[in-house]
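Subject: Structure handover

Hi,

Here is the structure I promised to pass on to you. Please open it alongside this note, and I will go through what turned up.

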Amino acid sequence: MRPSSAFLVAAWSAPLCALGLAVAPNAVSLGVLLGLVFAVVPSVNALFYGYVAASVGDGYQGRVLGAVMFMALVSQPVGILGIGIVFDRAGPTWVFLAMAGLSALAALFTLSPVMRDLPRPEELAGT
């Protein structure tokens with residue numbers, strides 16, 4: 001699979017599954033939808049780290065990965081707080097709709113020309 005396709009599938013599966021969660025009739029369907037999203041994450045993470053390894057010099061990889069991890073970890077409590085507030089005020093359906101909307105906004109970046117024509121990480125390493 002091309003890197004662009006992997007990022008596209010990963011980015012757009014999240015909002016689609018979140019919409020599915022809003023209307024899921026039972027716990028089994030909830031589990032299947034969550035499983036679909038979480039099945040994609042490891043391959044996309046590996047691809048992302050491959051890009052970091054190929055495009056960032058050895059002396060800066062630790063700093064770049066540290067910055068990426070810091071931003072990911074800082075954003076988690078903010079997201080949990082936001083989702084908790086939505087859940088408390090509006091209920092679970094609105095939580096899933098909010099998740100779908102926010103993840104769709106984030107997925108819009110995959111439609112840019114740069115993201116549509118990503119080279120493979122090994123092609124970057126050769127330059």
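To get you oriented, which helix is the place of F87? The answer is α3, and that helix comes back several times below. Please keep in mind throughout that this is a predicted model.

Confidence first. The mean pLDDT of the protein is 89, and 98% of the residues reach at least 70. Among the elements, helix α4 (residues 92–107) has the highest mean, 93, while helix α6 (residues 121–125) has the lowest, 79. Where pLDDT is low, the predicted coordinates should not be read in detail.

Now the overall layout. The protein has 6 helices and 0 strands, so its pattern along the sequence is α-α-α-α-α-α by the DSSP runs used here. Its C-alpha trace spans about 50 × 30 × 25 Å along the principal axes. Of its 127 residues, 24% count as buried.

- α1 runs over residues 3–23. With 21 residues, α1 reaches 31 Å from its first C-alpha to its last, close to the 30 Å expected at 1.5 Å a residue. There is also a kink of about 25° in α1, at S13, shortly before the proline P15.
- α3 runs over residues 61–90. With 30 residues, α3 reaches 42 Å between its first and last C-alpha, close to the 44 Å expected at 1.5 Å a residue. After α3 comes G91, whose phi is positive, near 100°.

Of the 37 residues that line the largest pocket, A14, V41, S75, S103 and A106 are the closest to its centre. Helices α1, α2 (27–55), α3 and α4 each give two or more residues to the lining. The largest share of that lining comes from α3, with 12 residues.

F87 and S55 are 32 residues apart in sequence, and their C-alpha atoms are 40 Å apart in space.

V78 is also found in helix α3. Its relative accessibility is 59%, and because exposed means over 50%, V78 counts as exposed. V78 and T93 are 15 residues apart along the chain, with 20 Å between their C-alpha atoms.

A18 takes us back to helix α1. Why does A18 count as buried? Its relative accessible area is 4%, and the limit for buried is under 20%, so A18 falls on the buried side. What separates A18 from T93 in sequence and in space? They are 75 residues apart in sequence and 9.6 Å apart in space, C-alpha to C-alpha.

That is everything I wanted to hand over.

Best wishes

Notes: Residues are numbered from 1 along each chain as its sequence is written. This is a predicted model: local features need pLDDT of at least 70, side-chain atom pairs count only at pLDDT 80 or more; totals for chains, interfaces and linings use all residues. Side-chain values use heavy atoms; hydrogens and water are left out. pLDDT is the predictor's confidence in each residue, from 0 to 100. Helices (H or I, at least four residues) and strands (E, at least two) are DSSP runs, numbered from the N terminus. On a 1 Å grid over the protein atoms alone, a cavity is a set of points where a 1.4 Å probe fits but cannot get out, and a pocket is an open set with protein on both sides within 12 Å along at least five of seven lines; lining residues have an atom within 4 Å of a point. The expected span of a helix is 1.5 Å times one less than its number of residues. The bend at a residue is the angle between axes fitted to the seven residues ending there and the seven starting there. Buried means under 20% relative accessible area, exposed over 50%, partly exposed in between (1.4 Å probe, protein chains only).
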